[in-house]
Amino acid sequence: MSGADVAMRSGAVTHGGDRILRYSLVERVNHWIAGLTYIYLLLTGLAFWSPYLFWMAVIFGGGPASRFWHPWIGLVFFVSMMWMYKMWAEDMRTTNADLAWKEKVGDYIRNQDDNLPPIGRFNWGQKQYFWVMFWGIILLLISGVGLWFVEGIPWSLRYLRYAAVIVHVGASLITIGAFIIHVYMGTAMVRGGFTSIVRGEVSRAWAKKHHRLWYEKVTGDTSARR
Amino acid sequence: MSQATLEIKRMSGHAGAAPGAGASRDYDVCKVIDTTTCIGCKACEVACLEWNGYPFTPTLFDNTYQTMPETRWNYWNLIKFTEHINDDGNLMWLMRKDGCMHCEEPGCLEACPADAAIVQFANGIVDFQQDHCIGCGYCVSGCPFNIPKFNPETKKVYKCTLCSDRVSQGLEPACIKSCPTGCLHFGSKDDMTALAQKRATQLREHSGHKNAGVYDPAGIGGTHVIYVLHDASNPEAYSGLPKNPTIPWTVRIWKGPLKWIGNLAIAGGIIGVTLHYLRFGPKVVDDDRGKNGDGHERR
(Lines give C-alpha, C1' and ligand atoms only; values in the text may rest on other atoms or scores of the structure.)
Protein backbone atom coordinates (compact mmCIF):
# COMPACT_ATOMS: atom_id res chain seq x y z
CA MET A 1 0.00 0.00 0.00
CA SER A 2 1.24 3.46 -0.84
CA GLY A 3 1.06 6.38 1.53
CA ALA A 4 -2.06 7.66 -0.12
CA ASP A 5 -3.86 4.44 0.69
CA VAL A 6 -3.52 5.07 4.42
CA ALA A 7 -5.92 7.97 4.24
CA MET A 8 -8.13 6.26 1.67
CA ARG A 9 -11.73 5.98 2.65
CA SER A 10 -13.86 2.91 2.31
CA GLY A 11 -15.40 2.57 -1.14
CA ALA A 12 -12.34 3.67 -3.08
CA VAL A 13 -11.70 1.65 -6.21
CA THR A 14 -8.16 0.32 -6.45
CA HIS A 15 -5.98 -1.74 -8.74
CA GLY A 16 -7.37 -0.19 -11.89
CA GLY A 17 -10.97 -0.86 -10.91
CA ASP A 18 -10.50 -4.55 -10.11
CA ARG A 19 -10.73 -4.22 -6.34
CA ILE A 20 -12.78 -2.08 -3.98
CA LEU A 21 -11.55 -0.83 -0.62
CA ARG A 22 -14.07 -2.09 1.93
CA TYR A 23 -12.30 -1.13 5.15
CA SER A 24 -9.85 1.76 5.44
CA LEU A 25 -6.59 1.20 7.27
CA VAL A 26 -7.92 3.06 10.31
CA GLU A 27 -11.03 0.87 10.37
CA ARG A 28 -8.94 -2.28 10.13
CA VAL A 29 -6.52 -1.18 12.86
CA ASN A 30 -9.43 -0.39 15.15
CA HIS A 31 -11.18 -3.65 14.34
CA TRP A 32 -8.09 -5.60 15.33
CA ILE A 33 -7.52 -3.61 18.51
CA ALA A 34 -11.09 -4.54 19.42
CA GLY A 35 -10.69 -8.12 18.21
CA LEU A 36 -7.42 -8.90 19.99
CA THR A 37 -8.41 -7.19 23.23
CA TYR A 38 -11.74 -9.03 23.15
CA ILE A 39 -9.98 -12.37 22.72
CA TYR A 40 -7.74 -11.57 25.71
CA LEU A 41 -10.79 -10.58 27.76
CA LEU A 42 -12.66 -13.68 26.62
CA LEU A 43 -9.90 -16.10 27.58
CA THR A 44 -9.01 -14.51 30.91
CA GLY A 45 -12.71 -14.04 31.64
CA LEU A 46 -13.42 -17.70 30.94
CA ALA A 47 -10.59 -18.55 33.34
CA PHE A 48 -12.49 -16.71 36.09
CA TRP A 49 -15.76 -18.27 34.91
CA SER A 50 -14.95 -21.92 35.44
CA PRO A 51 -12.27 -23.85 37.35
CA TYR A 52 -12.02 -26.18 34.35
CA LEU A 53 -10.91 -23.22 32.23
CA PHE A 54 -8.54 -21.69 34.81
CA TRP A 55 -5.58 -22.94 32.75
CA MET A 56 -6.40 -20.13 30.31
CA ALA A 57 -5.19 -17.67 32.95
CA VAL A 58 -1.96 -19.63 33.17
CA ILE A 59 -1.13 -19.02 29.51
CA PHE A 60 -1.46 -15.28 30.14
CA GLY A 61 0.95 -15.26 33.06
CA GLY A 62 -1.16 -16.77 35.85
CA GLY A 63 -4.25 -15.81 37.80
CA PRO A 64 -3.00 -12.64 39.50
CA ALA A 65 -1.53 -11.25 36.26
CA SER A 66 -4.71 -12.06 34.36
CA ARG A 67 -6.77 -10.42 37.06
CA PHE A 68 -4.52 -7.37 37.03
CA TRP A 69 -4.64 -6.84 33.27
CA HIS A 70 -8.23 -7.88 32.54
CA PRO A 71 -9.80 -4.54 33.58
CA TRP A 72 -7.12 -2.44 31.88
CA ILE A 73 -7.42 -4.38 28.63
CA GLY A 74 -11.17 -4.02 29.08
CA LEU A 75 -10.75 -0.25 29.06
CA VAL A 76 -8.78 -0.49 25.79
CA PHE A 77 -11.57 -2.61 24.32
CA PHE A 78 -14.12 -0.06 25.50
CA VAL A 79 -12.24 2.84 23.89
CA SER A 80 -11.90 0.83 20.70
CA MET A 81 -15.63 0.12 20.65
CA MET A 82 -16.45 3.79 21.18
CA TRP A 83 -14.12 4.66 18.32
CA MET A 84 -15.85 2.03 16.21
CA TYR A 85 -19.19 3.57 17.13
CA LYS A 86 -17.95 6.95 15.97
CA MET A 87 -16.84 5.48 12.62
CA TRP A 88 -19.67 3.06 11.94
CA ALA A 89 -22.79 4.16 13.82
CA GLU A 90 -24.15 5.84 10.70
CA ASP A 91 -23.58 2.71 8.58
CA MET A 92 -25.10 0.51 11.30
CA ARG A 93 -28.57 2.08 11.31
CA THR A 94 -31.20 -0.41 10.27
CA THR A 95 -32.74 0.54 6.92
CA ASN A 96 -35.84 -0.63 5.04
CA ALA A 97 -33.52 -2.65 2.80
CA ASP A 98 -32.28 -4.44 5.93
CA LEU A 99 -35.80 -5.25 7.05
CA ALA A 100 -36.56 -6.76 3.64
CA TRP A 101 -33.30 -8.72 3.88
CA LYS A 102 -34.16 -9.88 7.38
CA GLU A 103 -37.34 -11.51 6.04
CA LYS A 104 -35.12 -13.71 3.87
CA VAL A 105 -32.48 -14.48 6.50
CA GLY A 106 -33.31 -18.18 6.20
CA ASP A 107 -32.18 -18.08 2.58
CA TYR A 108 -28.96 -16.38 3.69
CA ILE A 109 -28.33 -19.14 6.23
CA ARG A 110 -28.96 -21.81 3.55
CA ASN A 111 -26.58 -20.04 1.15
CA GLN A 112 -29.42 -19.31 -1.28
CA ASP A 113 -28.13 -15.79 -1.72
CA ASP A 114 -29.84 -15.26 -5.06
CA ASN A 115 -33.14 -14.90 -3.20
CA LEU A 116 -31.87 -12.01 -1.08
CA PRO A 117 -32.80 -8.39 -1.67
CA PRO A 118 -29.84 -6.00 -2.15
CA ILE A 119 -28.40 -4.32 0.93
CA GLY A 120 -25.88 -1.61 1.77
CA ARG A 121 -22.43 -1.69 3.32
CA PHE A 122 -23.48 -3.95 6.19
CA ASN A 123 -26.23 -6.52 6.29
CA TRP A 124 -28.86 -6.84 9.01
CA GLY A 125 -26.94 -9.56 10.83
CA GLN A 126 -23.72 -7.55 10.91
CA LYS A 127 -25.67 -4.63 12.33
CA GLN A 128 -27.17 -6.82 15.04
CA TYR A 129 -23.69 -8.00 15.95
CA PHE A 130 -22.40 -4.44 16.14
CA TRP A 131 -25.18 -3.33 18.47
CA VAL A 132 -24.89 -6.42 20.68
CA MET A 133 -21.21 -5.66 21.16
CA PHE A 134 -21.82 -1.93 21.61
CA TRP A 135 -24.44 -2.32 24.34
CA GLY A 136 -22.55 -5.32 25.70
CA ILE A 137 -19.38 -3.32 26.33
CA ILE A 138 -21.36 -0.54 28.00
CA LEU A 139 -22.91 -3.04 30.43
CA LEU A 140 -19.55 -4.76 30.88
CA LEU A 141 -17.80 -1.48 31.60
CA ILE A 142 -20.33 -0.34 34.20
CA SER A 143 -20.50 -3.72 35.94
CA GLY A 144 -16.76 -4.25 35.49
CA VAL A 145 -15.93 -1.02 37.31
CA GLY A 146 -18.18 -2.27 40.11
CA LEU A 147 -16.24 -5.54 40.29
CA TRP A 148 -12.91 -3.75 40.00
CA PHE A 149 -13.61 -1.40 42.91
CA VAL A 150 -16.08 -3.61 44.77
CA GLU A 151 -15.07 -2.27 48.18
CA GLY A 152 -15.67 1.24 46.86
CA ILE A 153 -19.37 0.37 46.76
CA PRO A 154 -20.55 1.06 50.32
CA TRP A 155 -22.09 -1.81 52.26
CA SER A 156 -25.40 0.06 52.39
CA LEU A 157 -25.52 -0.14 48.56
CA ARG A 158 -24.38 -3.78 48.50
CA TYR A 159 -27.12 -4.78 46.06
CA LEU A 160 -24.96 -2.98 43.48
CA ARG A 161 -22.11 -5.40 44.29
CA TYR A 162 -24.47 -8.30 43.72
CA ALA A 163 -25.90 -6.77 40.54
CA ALA A 164 -22.41 -6.18 39.11
CA VAL A 165 -21.66 -9.91 39.31
CA ILE A 166 -24.72 -11.03 37.40
CA VAL A 167 -24.70 -8.19 34.85
CA HIS A 168 -21.03 -8.80 34.00
CA VAL A 169 -21.51 -12.52 33.56
CA GLY A 170 -24.79 -12.16 31.64
CA ALA A 171 -23.47 -9.52 29.26
CA SER A 172 -20.30 -11.57 28.71
CA LEU A 173 -22.26 -14.67 27.74
CA ILE A 174 -24.35 -12.72 25.24
CA THR A 175 -21.26 -11.23 23.60
CA ILE A 176 -19.61 -14.68 23.54
CA GLY A 177 -22.56 -16.11 21.61
CA ALA A 178 -22.41 -13.24 19.13
CA PHE A 179 -18.61 -13.53 18.91
CA ILE A 180 -18.73 -17.23 18.01
CA ILE A 181 -21.08 -16.50 15.11
CA HIS A 182 -19.02 -13.49 14.03
CA VAL A 183 -15.72 -15.40 13.93
CA TYR A 184 -17.31 -18.33 12.10
CA MET A 185 -18.90 -16.11 9.48
CA GLY A 186 -15.88 -13.87 9.09
CA THR A 187 -13.43 -16.72 8.59
CA ALA A 188 -15.07 -19.93 7.41
CA MET A 189 -18.50 -19.06 6.07
CA VAL A 190 -18.23 -15.84 4.08
CA ARG A 191 -15.14 -16.28 1.96
CA GLY A 192 -13.43 -12.99 1.28
CA GLY A 193 -14.65 -11.47 4.51
CA PHE A 194 -11.49 -12.21 6.49
CA THR A 195 -9.12 -10.85 3.83
CA SER A 196 -11.27 -7.72 3.61
CA ILE A 197 -10.80 -6.92 7.30
CA VAL A 198 -7.07 -7.73 7.05
CA ARG A 199 -6.06 -6.19 3.72
CA GLY A 200 -9.10 -3.98 3.27
CA GLU A 201 -10.04 -4.96 -0.25
CA VAL A 202 -12.76 -7.05 -1.85
CA SER A 203 -13.34 -7.96 -5.48
CA ARG A 204 -16.04 -6.25 -7.49
CA ALA A 205 -17.93 -9.53 -7.71
CA TRP A 206 -17.82 -9.94 -3.93
CA ALA A 207 -19.14 -6.45 -3.34
CA LYS A 208 -21.82 -6.94 -5.99
CA LYS A 209 -22.98 -10.21 -4.47
CA HIS A 210 -22.95 -9.41 -0.77
CA HIS A 211 -23.54 -5.66 -0.58
CA ARG A 212 -25.02 -4.59 -3.90
CA LEU A 213 -26.44 -1.23 -2.77
CA TRP A 214 -23.05 -0.31 -1.35
CA TYR A 215 -21.37 -1.53 -4.53
CA GLU A 216 -23.64 0.62 -6.68
CA LYS A 217 -23.09 3.62 -4.44
CA VAL A 218 -19.31 3.48 -4.48
CA THR A 219 -18.86 2.50 -8.12
CA GLY A 220 -21.90 4.12 -9.76
CA ASP A 221 -22.34 0.82 -11.61
CA THR A 222 -26.01 -0.20 -11.63
CA SER A 223 -25.70 -2.73 -14.45
CA ALA A 224 -26.08 -5.58 -11.95
CA ARG A 225 -29.65 -4.57 -11.34
CA ARG A 226 -32.07 -6.99 -12.87
CA MET B 1 -3.00 -19.59 56.88
CA SER B 2 -1.50 -22.94 57.67
CA GLN B 3 -2.60 -26.42 56.94
CA ALA B 4 -3.34 -28.73 59.85
CA THR B 5 -0.11 -30.35 61.00
CA LEU B 6 0.63 -33.53 62.83
CA GLU B 7 -0.36 -33.45 66.45
CA ILE B 8 2.43 -34.11 68.92
CA LYS B 9 1.57 -36.58 71.67
CA ARG B 10 4.91 -36.81 73.51
CA MET B 11 8.15 -34.87 73.37
CA SER B 12 11.62 -35.94 74.48
CA GLY B 13 13.33 -33.92 77.17
CA HIS B 14 10.43 -31.52 77.46
CA ALA B 15 9.47 -29.98 80.79
CA GLY B 16 5.82 -30.74 81.30
CA ALA B 17 3.24 -31.96 78.86
CA ALA B 18 3.78 -31.50 75.14
CA PRO B 19 2.01 -28.36 73.91
CA GLY B 20 -1.35 -29.32 72.52
CA ALA B 21 -1.10 -32.91 73.70
CA GLY B 22 -4.50 -34.47 74.12
CA ALA B 23 -6.19 -31.67 72.26
CA SER B 24 -9.01 -33.07 70.22
CA ARG B 25 -9.28 -31.73 66.72
CA ASP B 26 -11.81 -34.06 65.25
CA TYR B 27 -14.73 -31.78 66.00
CA ASP B 28 -16.22 -28.64 64.55
CA VAL B 29 -14.69 -25.69 66.32
CA CYS B 30 -16.69 -22.69 67.41
CA LYS B 31 -16.20 -19.29 68.99
CA VAL B 32 -18.89 -17.82 71.21
CA ILE B 33 -19.12 -14.06 71.53
CA ASP B 34 -21.35 -13.08 74.43
CA THR B 35 -22.27 -9.48 73.63
CA THR B 36 -23.95 -9.17 77.03
CA THR B 37 -20.66 -9.42 78.92
CA CYS B 38 -18.45 -7.58 76.43
CA ILE B 39 -17.13 -4.33 77.95
CA GLY B 40 -15.61 -3.03 74.72
CA CYS B 41 -12.05 -3.07 76.08
CA LYS B 42 -10.61 -4.02 72.67
CA ALA B 43 -8.10 -6.46 74.16
CA CYS B 44 -9.19 -8.90 71.44
CA GLU B 45 -8.42 -6.29 68.78
CA VAL B 46 -4.91 -5.86 70.13
CA ALA B 47 -4.35 -9.60 70.55
CA CYS B 48 -5.45 -10.19 66.94
CA LEU B 49 -3.11 -7.51 65.66
CA GLU B 50 -0.24 -8.80 67.80
CA TRP B 51 -0.62 -12.43 66.85
CA ASN B 52 -1.13 -11.90 63.16
CA GLY B 53 1.61 -9.30 62.99
CA TYR B 54 0.15 -6.90 60.48
CA PRO B 55 1.08 -3.23 60.73
CA PHE B 56 -1.40 -0.88 62.26
CA THR B 57 -2.24 1.90 59.85
CA PRO B 58 -3.84 5.32 60.45
CA THR B 59 -7.59 5.07 60.59
CA LEU B 60 -10.73 7.16 60.45
CA PHE B 61 -11.90 8.63 63.74
CA ASP B 62 -15.65 9.13 63.51
CA ASN B 63 -16.30 10.45 67.01
CA THR B 64 -17.20 7.08 68.47
CA TYR B 65 -15.33 4.62 70.61
CA GLN B 66 -15.02 2.34 67.59
CA THR B 67 -11.45 1.93 66.35
CA MET B 68 -12.44 2.33 62.70
CA PRO B 69 -15.65 2.19 60.64
CA GLU B 70 -15.19 -1.41 59.46
CA THR B 71 -12.65 -4.22 59.46
CA ARG B 72 -9.64 -3.86 57.20
CA TRP B 73 -7.27 -6.21 55.41
CA ASN B 74 -4.87 -5.80 58.33
CA TYR B 75 -7.51 -5.46 61.07
CA TRP B 76 -9.73 -8.50 61.28
CA ASN B 77 -11.23 -8.05 64.72
CA LEU B 78 -13.25 -4.88 65.35
CA ILE B 79 -15.65 -4.16 68.17
CA LYS B 80 -18.62 -2.28 66.80
CA PHE B 81 -20.23 0.16 69.21
CA THR B 82 -23.91 1.05 68.93
CA GLU B 83 -25.85 3.39 71.19
CA HIS B 84 -29.22 1.73 71.47
CA ILE B 85 -32.42 2.99 73.08
CA ASN B 86 -34.36 0.26 74.87
CA ASP B 87 -38.12 -0.11 74.85
CA ASP B 88 -38.16 1.44 78.33
CA GLY B 89 -36.34 4.50 77.01
CA ASN B 90 -33.02 3.72 78.62
CA LEU B 91 -29.81 4.09 76.70
CA MET B 92 -27.81 0.93 76.23
CA TRP B 93 -24.47 0.29 74.62
CA LEU B 94 -24.37 -2.67 72.25
CA MET B 95 -20.84 -3.88 71.68
CA ARG B 96 -20.33 -6.56 69.09
CA LYS B 97 -16.97 -8.02 68.16
CA ASP B 98 -17.16 -8.08 64.35
CA GLY B 99 -15.12 -10.45 62.21
CA CYS B 100 -15.38 -13.47 59.99
CA MET B 101 -18.30 -15.73 61.00
CA HIS B 102 -16.75 -18.87 59.44
CA CYS B 103 -20.00 -19.88 57.74
CA GLU B 104 -20.76 -23.54 57.20
CA GLU B 105 -21.78 -22.57 53.64
CA PRO B 106 -19.33 -19.74 52.91
CA GLY B 107 -20.36 -17.24 50.23
CA CYS B 108 -16.72 -16.21 49.74
CA LEU B 109 -15.69 -19.78 48.92
CA GLU B 110 -18.69 -20.21 46.65
CA ALA B 111 -17.81 -17.07 44.67
CA CYS B 112 -14.02 -17.58 44.50
CA PRO B 113 -12.69 -18.61 41.04
CA ALA B 114 -9.07 -19.34 42.06
CA ASP B 115 -7.97 -22.91 42.72
CA ALA B 116 -7.66 -23.46 46.50
CA ALA B 117 -7.54 -19.75 47.36
CA ILE B 118 -10.26 -20.30 49.94
CA VAL B 119 -10.44 -23.52 51.89
CA GLN B 120 -12.82 -24.81 54.52
CA PHE B 121 -11.12 -27.08 57.00
CA ALA B 122 -12.93 -30.10 58.35
CA ASN B 123 -13.20 -28.33 61.71
CA GLY B 124 -15.22 -25.53 60.09
CA ILE B 125 -12.55 -22.84 59.77
CA VAL B 126 -12.79 -20.95 56.48
CA ASP B 127 -9.33 -19.76 55.52
CA PHE B 128 -7.90 -17.64 52.72
CA GLN B 129 -4.72 -19.01 51.14
CA GLN B 130 -3.07 -15.84 49.85
CA ASP B 131 -0.57 -17.91 47.84
CA HIS B 132 -3.42 -18.91 45.55
CA CYS B 133 -5.48 -15.69 45.71
CA ILE B 134 -5.68 -13.76 42.44
CA GLY B 135 -7.19 -10.65 44.04
CA CYS B 136 -10.39 -10.60 42.01
CA GLY B 137 -12.62 -9.60 44.92
CA TYR B 138 -15.43 -12.03 44.10
CA CYS B 139 -15.32 -13.13 47.76
CA VAL B 140 -16.17 -9.55 48.73
CA SER B 141 -19.34 -9.85 46.63
CA GLY B 142 -20.13 -13.30 48.00
CA CYS B 143 -19.84 -12.50 51.73
CA PRO B 144 -23.08 -11.64 53.56
CA PHE B 145 -21.11 -10.03 56.42
CA ASN B 146 -18.79 -7.60 54.54
CA ILE B 147 -15.67 -9.30 55.87
CA PRO B 148 -13.04 -10.01 53.14
CA LYS B 149 -10.83 -6.98 52.54
CA PHE B 150 -8.47 -6.28 49.66
CA ASN B 151 -4.87 -5.19 50.22
CA PRO B 152 -4.02 -2.93 47.26
CA GLU B 153 -0.30 -3.44 47.82
CA THR B 154 -0.17 -7.25 47.70
CA LYS B 155 -3.39 -7.47 45.64
CA LYS B 156 -4.63 -10.26 47.88
CA VAL B 157 -7.68 -10.50 50.11
CA TYR B 158 -7.46 -11.08 53.86
CA LYS B 159 -9.73 -11.83 56.78
CA CYS B 160 -9.83 -13.53 60.20
CA THR B 161 -8.34 -17.03 60.08
CA LEU B 162 -9.91 -18.05 63.41
CA CYS B 163 -6.21 -18.43 64.21
CA SER B 164 -6.06 -21.61 62.14
CA ASP B 165 -2.32 -21.66 62.80
CA ARG B 166 -2.91 -21.69 66.57
CA VAL B 167 -5.90 -24.03 66.45
CA SER B 168 -3.94 -26.56 64.37
CA GLN B 169 -1.45 -26.65 67.27
CA GLY B 170 -4.18 -27.16 69.82
CA LEU B 171 -4.25 -23.55 70.99
CA GLU B 172 -7.16 -21.17 71.28
CA PRO B 173 -7.48 -18.17 68.96
CA ALA B 174 -5.55 -15.11 70.18
CA CYS B 175 -8.71 -13.08 70.83
CA ILE B 176 -10.04 -15.76 73.21
CA LYS B 177 -6.82 -15.69 75.22
CA SER B 178 -7.01 -11.96 75.73
CA CYS B 179 -10.64 -11.51 76.80
CA PRO B 180 -10.75 -10.29 80.43
CA THR B 181 -14.48 -10.76 81.04
CA GLY B 182 -14.85 -14.26 79.64
CA CYS B 183 -17.31 -13.14 77.02
CA LEU B 184 -15.28 -15.12 74.46
CA HIS B 185 -15.19 -18.89 74.51
CA PHE B 186 -13.75 -21.45 72.13
CA GLY B 187 -14.44 -25.16 71.81
CA SER B 188 -16.51 -27.64 69.87
CA LYS B 189 -19.63 -26.42 68.11
CA ASP B 190 -21.82 -28.64 70.30
CA ASP B 191 -20.23 -27.45 73.54
CA MET B 192 -20.27 -23.80 72.54
CA THR B 193 -23.88 -23.97 71.37
CA ALA B 194 -24.86 -25.49 74.71
CA LEU B 195 -22.89 -22.81 76.56
CA ALA B 196 -24.48 -20.01 74.51
CA GLN B 197 -27.97 -21.43 74.98
CA LYS B 198 -27.41 -21.74 78.71
CA ARG B 199 -26.32 -18.10 78.88
CA ALA B 200 -29.33 -17.01 76.79
CA THR B 201 -31.65 -18.91 79.10
CA GLN B 202 -30.03 -17.25 82.08
CA LEU B 203 -30.54 -13.83 80.49
CA ARG B 204 -34.18 -14.56 79.73
CA GLU B 205 -34.95 -15.92 83.17
CA HIS B 206 -32.87 -13.71 85.43
CA SER B 207 -32.06 -10.41 83.77
CA GLY B 208 -35.20 -9.31 82.00
CA HIS B 209 -33.85 -9.77 78.50
CA LYS B 210 -36.94 -11.63 77.35
CA ASN B 211 -35.72 -11.95 73.76
CA ALA B 212 -32.18 -13.03 74.59
CA GLY B 213 -30.96 -15.74 72.26
CA VAL B 214 -28.18 -17.24 70.19
CA TYR B 215 -27.25 -15.99 66.73
CA ASP B 216 -26.28 -18.96 64.55
CA PRO B 217 -28.02 -18.14 61.26
CA ALA B 218 -29.47 -21.09 59.35
CA GLY B 219 -29.45 -19.37 55.94
CA ILE B 220 -25.75 -20.12 55.59
CA GLY B 221 -25.87 -23.48 57.33
CA GLY B 222 -24.93 -22.03 60.70
CA THR B 223 -21.66 -20.38 61.60
CA HIS B 224 -18.55 -21.31 63.54
CA VAL B 225 -18.67 -17.96 65.32
CA ILE B 226 -21.90 -17.51 67.24
CA TYR B 227 -23.26 -14.62 69.28
CA VAL B 228 -25.29 -14.37 72.45
CA LEU B 229 -27.53 -11.32 71.97
CA HIS B 230 -29.68 -9.50 74.51
CA ASP B 231 -32.33 -9.30 71.81
CA ALA B 232 -31.98 -12.05 69.22
CA SER B 233 -35.12 -10.82 67.45
CA ASN B 234 -33.30 -7.68 66.35
CA PRO B 235 -29.71 -8.51 65.36
CA GLU B 236 -29.72 -5.50 63.00
CA ALA B 237 -29.42 -3.29 66.09
CA TYR B 238 -25.91 -4.64 66.62
CA SER B 239 -24.30 -2.50 63.90
CA GLY B 240 -26.26 -4.15 61.14
CA LEU B 241 -25.78 -7.82 61.95
CA PRO B 242 -28.00 -9.30 59.20
CA LYS B 243 -31.17 -10.97 60.39
CA ASN B 244 -31.28 -13.72 57.76
CA PRO B 245 -27.90 -13.76 56.03
CA THR B 246 -27.67 -15.83 52.85
CA ILE B 247 -25.26 -16.07 49.97
CA PRO B 248 -26.42 -13.25 47.63
CA TRP B 249 -28.97 -14.60 45.15
CA THR B 250 -27.04 -13.26 42.16
CA VAL B 251 -24.00 -15.25 43.30
CA ARG B 252 -26.13 -18.37 43.69
CA ILE B 253 -27.62 -17.96 40.19
CA TRP B 254 -24.21 -17.21 38.70
CA LYS B 255 -22.58 -20.27 40.27
CA GLY B 256 -25.67 -22.45 39.82
CA PRO B 257 -28.08 -22.45 36.86
CA LEU B 258 -26.28 -19.73 34.90
CA LYS B 259 -23.11 -21.83 34.82
CA TRP B 260 -24.99 -24.63 33.13
CA ILE B 261 -26.92 -22.36 30.79
CA GLY B 262 -23.75 -20.50 29.84
CA ASN B 263 -21.69 -23.62 29.24
CA LEU B 264 -24.44 -25.20 27.16
CA ALA B 265 -24.88 -22.00 25.16
CA ILE B 266 -21.15 -21.71 24.42
CA ALA B 267 -20.87 -25.38 23.48
CA GLY B 268 -24.11 -25.14 21.50
CA GLY B 269 -22.81 -22.13 19.59
CA ILE B 270 -19.59 -23.88 18.60
CA ILE B 271 -21.42 -27.07 17.62
CA GLY B 272 -24.05 -25.04 15.77
CA VAL B 273 -21.63 -23.16 13.54
CA THR B 274 -19.69 -26.37 12.86
CA LEU B 275 -22.87 -28.15 11.79
CA HIS B 276 -23.79 -25.19 9.64
CA TYR B 277 -20.47 -25.45 7.83
CA LEU B 278 -20.85 -29.19 7.33
CA ARG B 279 -24.37 -28.80 6.00
CA PHE B 280 -24.19 -25.60 3.95
CA GLY B 281 -20.50 -24.83 3.51
CA PRO B 282 -19.02 -21.47 2.66
CA LYS B 283 -20.36 -18.63 0.57
CA VAL B 284 -17.98 -18.40 -2.37
CA VAL B 285 -18.10 -15.60 -4.91
CA ASP B 286 -16.89 -16.31 -8.44
CA ASP B 287 -15.75 -13.10 -10.00
CA ASP B 288 -15.33 -12.37 -13.69
CA ARG B 289 -11.88 -13.91 -13.78
CA GLY B 290 -12.70 -17.16 -12.08
CA LYS B 291 -11.33 -16.10 -8.75
CA ASN B 292 -12.81 -16.32 -5.30
CA GLY B 293 -13.92 -13.18 -3.59
CA ASP B 294 -10.77 -13.18 -1.53
CA GLY B 295 -8.67 -12.83 -4.67
CA HIS B 296 -7.10 -16.29 -4.53
CA GLU B 297 -7.27 -18.83 -7.32
CA ARG B 298 -10.04 -21.29 -6.81
CA ARG B 299 -8.90 -24.79 -6.02
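Which residue stands opposite Val225(B) in E10(B)? The answer is in point 3.

1. This is a predicted model, in which local features need pLDDT of at least 70 and side-chain atom pairs count only at pLDDT 80 or more, while totals for chains, interfaces and linings use all residues. Residues are numbered from 1 along each chain as its sequence is written, with chains lettered from A and ligands numbered from 1 in the order in which they are written.

2. Chain A contributes 38 residues and chain B 40 residues to their contact (C-beta atoms, placed from the backbone, within 7 Å). On the chain A side, H8(A) gives the most, with 14 residues. That side comprises 24 nonpolar, six polar and eight charged residues (nonpolar: Ala, Val, Leu, Ile, Met, Phe, Trp, Tyr, Cys and Pro; charged: Asp, Glu, Lys and Arg; polar: the others, Gly among them).

3. In chain B, strand E1 (residues 29–34) and strand E10 (residues 225–229) pair in the parallel sense over four bridges (pairing requires at least two DSSP bridges; strands are DSSP runs of E, at least two residues, and helices of H or I, at least four, numbered from the N terminus). Lys31(B) is the residue opposite Val225(B).

4. The open sheet of chain B has four strands in the order E8-E1-E10-E9, with mixed pairing. Its edge strands are E8 (184–188) and E9 (213–215).

5. Helix H6 (residues 189–206) of chain B lies across E1, E8, E9 and E10 of chain B, at about 140 degrees to E8(B) (angles run from 0 to 180 degrees between N-to-C directions; axes are lines fitted to C-alpha atoms, for helices over the stretch in contact).

Definitions and conventions:
Contact = placed C-beta atoms within 7 Å.
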